[in-house]
Amino acid sequence: MTNSERYFEQSKELIPGGVNSPVRAFGSVSATPVFIERGDGAYLFDVDGNQYIDYVGSWGPLILGHNNPQIFEAIVAAAKKGVSFGAATQSELTMARLLTELTGIEMVRMVNSGTEAVMSALRVARGFTQKDKIIKFEGCYHGHSDSMLTKAGSGALTYSNPDSAGVTKAVARDTLVARYNDIQSVVELFAQNQNEIAAIIVEPVAANMGVVLPSLEFLKTLRTLCDENNCLLIFDEVITGFRLGIGGAQAFFGVQADLVTYGKIIGAGMPVGAYGGRRDIMACVSPVGAVYQAGTLSGNPVAMAAGITQLTILREHPEIYTHIETLCTTLADGLRSIIKEYNIEATVANIGSLCCLFLGKERYTKFFKGMLARGIYLAPSQYEALFIGFAHTAEDIEKTITSAKACLEEIK
């Protein structure tokens with residue numbers, strides 16, 4: 001029995017499913033989770049001494065790699081002054097300035113996760129518009145707050161049913177589900193719920209059902225529909241923020257949202273998030289306005305120090321984006337070449353530093369295990385993206401393509 005297997009058996013006695021987030025259980029790939037001991041640059045090292053090229057990157061935020069020296073130094077320096085105050089700090093102001101300058105939002109509030117950012121942004125949207133209903137898109141993931149854990153009922157244009165036990169039908173009833181990249185499904189929801197919709201929330205690039213690219217017309221028309229129907233457009237940039245470029249999806253696609261949510265990338269992987277947008281909307285937030293939202297750890301000084309360092313590096317070195325986009329394109333093209341050569345029914349999608357090889361669940365399980373055995377750490381889910389970081393090298397990409405070819409040859 002490996003150390004990972006032993007730790008997993010012990011964990012299952014004390015933690016539901018043995019993990020603190022479901023995907024870590026490796027259930028969808030029928031495997032035992034790998035227990036990680038440390039990370040360095042583009043690599044992970046498990047408790048059994050195995051080394052992997054990491055394409056998860058803590059689910060996206062480690063754009064500069066594991067244990068970046070500058071970020072590490074900033075964390076240590078901040079921690080020496082105290083790890084939590086529950087009070088205002090200058091670092092919060094510095095982070096707010098950075099975020100507003102880089103993204104075009106006018107005001108921002110720090111929170112502790114992407115889930116909390118989305119939950120808060122939805123509350124603000126409802127408070128600002130004095131409407132109750134939200135449109136989301138089937139397959140888009142916005143964290144585990146109650147109103148976002150919904151799926152389509154008999155069809156994508158109906159009220160949603162709860163996707164999780166513990167979510168009431170009353171909560172789910174105010175969440176309407178449309179089809180991604182399908183404007184007509186959105187138009188029909190507006191027609192069926194006139195003057196009741198507070199906001200549309202969307203992943204500008206849907207990165208939790210594979211990597212599904214939006215049509216530019218889709219995003220621009222969402223903007224128009226929101227303006228025409230007096231509701232807000234919310235971009236969930238927990239994945240795309242600072243991934244598609246320093247200005248995120250708003251700058252990449254040239255579409256300005258009313259509210260934007262961010263996750264752990266603004267803390268270089270530490271537990272942090274933020275939501276922000278137009279000044280008049282954010283003025284609704286307590287203590288200025290009537291929409292209540294609070295958090296003792298919001299704006300945590302250690303997380304702020306890490307995030308300020310990462311965002312500053314990204315702003316000062318635009319060549320980072322050129323590097324990671326080039327590597328991502330090389331990887332995507334390499335995978336496309338393999339599936340064409342072997343005539344495999346599969347798709348490869350990529351944008352910026354996000355990539356996804358979609359094989360289907362059964363074949364992905366075999367592919368995942370084969371890649372892991374060859375020292376390539378992928379997401380233990382067919383529906384997640386590969387994240388390319390600045391620490392990855394051309395040699396890493398070449399090894400990954402070579403490994404993928406060997407795996408795909410075995411399962412073709």
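Colleague: Which residue of β11 is the bridge partner of Asp-236?

Modeller: In this predicted model, Asp-236 has Thr-261 of β11 as its bridge partner.

Colleague: What makes β10 and β11 a pair?

Modeller: At least two bridges are needed for strands to pair. Strand β10 (residues 232-236) and β11 have three bridges. They therefore count as a pair. The sense of the pairing is parallel.

Colleague: Which way do the residues of β11 point?

Modeller: Leu-259 and Thr-261 point one way, and Val-260 and Tyr-262 point the other way. All four are buried. In a regular strand, side chains alternate between the two faces of the sheet.

Colleague: Where is Gly-263, and why is Gly-263 called buried?

Modeller: Gly-263 sits in the loop between β11 (259-262) and β12 (273-277). The cut-off for buried is under 20% relative accessible area. Gly-263 has 1%, so it is buried.

Colleague: What is Gly-263 in contact with, beyond its neighbours within four places in sequence?

Modeller: Gly-114, Val-238, Val-272 and Gly-273. Phe-35, by comparison, is 228 residues from Gly-263 in sequence, and their C-alpha atoms are 24 Å apart.

Colleague: Which sheet holds β10 and β11, and what is its strand order?

Modeller: They belong to an open sheet of seven strands, in the order β4-β12-β11-β10-β9-β5-β8. The pairing is mixed.

Colleague: What makes β4 and β8 edge strands?

Modeller: β4 (107-111) and β8 (175-178) each have a single partner strand, so one side of each lacks a neighbour in the sheet. From one strand to the next, the twist averages 20°.

Colleague: How many bridges join β5 to β8?

Modeller: Four bridges join strand β5 (residues 133-137) to β8, and the two run parallel. Ile-135 stands opposite Leu-176 in β8.

Colleague: What is the order of the four-strand sheet, and why do β1 and β15 count as edges?

Modeller: The order is β1-β2-β3-β15, in an open sheet with mixed pairing. β1 and strand β2 (residues 43-46) are joined by four bridges and run antiparallel. There, Arg-38 stands opposite Phe-45 in β2.

Colleague: Which residues make the contact of α12 with α13?

Modeller: Arg-363, Lys-366, Phe-367, Gly-370 and Met-371 come from α12. Thr-400, Ser-403, Ala-404, Cys-407, Leu-408 and Ile-411 come from α13. By class, that contact has six nonpolar, three polar and two charged residues.

Colleague: How do you classify α11 and α13: roughly parallel or roughly antiparallel?

Modeller: Their axes cross at roughly 20° and come within 10 Å. Under 35 degrees counts as roughly parallel. α11 and α13 are therefore roughly parallel. This crossing is right-handed. By class, their contact has 10 nonpolar, three polar and two charged residues.

Colleague: Why is Asn-343 called exposed, but Asn-67 partly exposed?

Modeller: Exposed requires over 50% relative accessible area. Asn-343 has 70%, so it is exposed. Asn-67 has 48%, which falls between the 20% and 50% cut-offs, so it is partly exposed.

Colleague: Which residues does the cis peptide bond join?

Modeller: Ser-286 and Pro-287, with omega about 15°. Pro-287 is in the loop between α9 (279-282) and α10 (301-316).

Terms used: Residues are numbered from 1 along each chain as its sequence is written. This is a predicted model: local features need pLDDT of at least 70, side-chain atom pairs count only at pLDDT 80 or more; totals for chains, interfaces and linings use all residues. Side-chain values use heavy atoms; hydrogens and water are left out. Contact means heavy atoms within 4.5 Å. Ala, Val, Leu, Ile, Met, Phe, Trp, Tyr, Cys and Pro count as nonpolar, Asp, Glu, Lys and Arg as charged, and the others, Gly among them, as polar. Buried means under 20% relative accessible area, exposed over 50%, partly exposed in between (1.4 Å probe, protein chains only). Axes are lines fitted to C-alpha atoms, for helices over the stretch in contact, and angles run from 0 to 180 degrees between N-to-C directions. Angles under 35 degrees count as roughly parallel, over 145 as roughly antiparallel, 65 to 115 as roughly perpendicular and the rest as oblique. A crossing is left-handed if the near helix is turned anticlockwise from the far one by less than a right angle, and right-handed if clockwise.
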